Amino acid sequence: MQAIIETHPFPPVLPPQAKVMMMGTFPPTVEKRCMEFHYPNFQNDMWRIYGLVFFNDKHYFQVKNEKCFDPERIKNFLIERGIASCPTVQKAIREQGNASDKFLKIVEPVNLAKVLKQLPDCQWIFTTGGKATETLLSLLPEKLKEPKTNEFIDFSFAGRELKLYRLPSTSRAYPLSFEKKAEAYQYFFKLAGIL
């Protein structure tokens with residue numbers, strides 16, 4: 001059976017004034033999405049965490065009385081706050097037909113230099129899981145040790161000094177309470193000067 005190479009379906013959100021960039025891997029299959037935007041699975045807590053951290057309301061980005069998030073509200077918020085969102089993976093094969101990073105074969109990673117050119121003020125990149133961290137590090141000219149969750153490393157890339165912070169995955173499969181994940185994201189955004 002021929003493996004299907006998929007292209008990441010959502011364009012990155014790259015506010016020109018962004019100081020931080022969020023980088024994950026690949027969205028779930030169409031039937032698992034509640035919207036056509038980054039982190040589209042209603043079971044994923046990314047936008048609930050953002051709602052709690054920035055607005056003290058985990059339902060802030062949810063469409064009222066519906067099991068979906070509002071992509072326009074999220075996009076406008078990211079642009080306004082200067083938070084970029086860009087996947088580490090451009091093309092991939094789902095070896096098990098699902099969204100699990102464990103079974104994601106990367107065919108083409110993101111062109112990081114091209115993305116960073118559009119974000120002249122970006123100083124922090126944060127990854128939202130192990131596969132995203134591993135993929136990002138594979139793009140760097142020097143071999144660096146992965147930061148542990150809730151830690152960061154300094155690195156040079158394309159003539160710039162940057163920081164890579166690793167945050168916990170917001171997937172419910174990741175064994176950490178919602179509250180602890182939200183605390184980790186809040187700490188990072190304060191450290192990066194966004195909050």
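Mentor: Start with contacts, meaning heavy atoms within 4.5 Å. Among those in the protein between residues at least 6 apart in sequence, 63% join residues at least 24 apart. This is a predicted model: local features need pLDDT of at least 70, side-chain atom pairs count only at pLDDT 80 or more, and totals for chains, interfaces and linings use all residues. Residues are numbered from 1 along each chain as its sequence is written, and side-chain values use heavy atoms, with hydrogens and water left out.

Of the 195 residues, 47% count as buried, that is, under 20% relative accessible area with a 1.4 Å probe, protein chains only.

Now the core itself. A nonpolar core is a set of buried Ala, Val, Leu, Ile, Met, Phe, Trp, Tyr and Cys residues joined through side-chain atoms within 4.5 Å. The largest one has 31 residues. Trp-47, Tyr-50, Phe-126 and Phe-189 touch the most other members. At least two residues of this core come from each of β2 (20–23), α1 (46–55), α2 (71–81), β6 (124–127) and α5 (178–191). Helices (H or I, at least four residues) and strands (E, at least two) are DSSP runs, numbered from the N terminus.

Zoom in on Tyr-50. Set aside its neighbours within four places in sequence. Tyr-50 then contacts Met-22, Phe-55, Phe-61, Phe-77, Leu-78, Ile-83, Phe-126 and Phe-189.

In soluble globular proteins, nonpolar side chains tend to be buried together.

Technical notes
Buried < 20%, exposed > 50% of the residue type's maximum accessible area, 1.4 Å probe, protein only.
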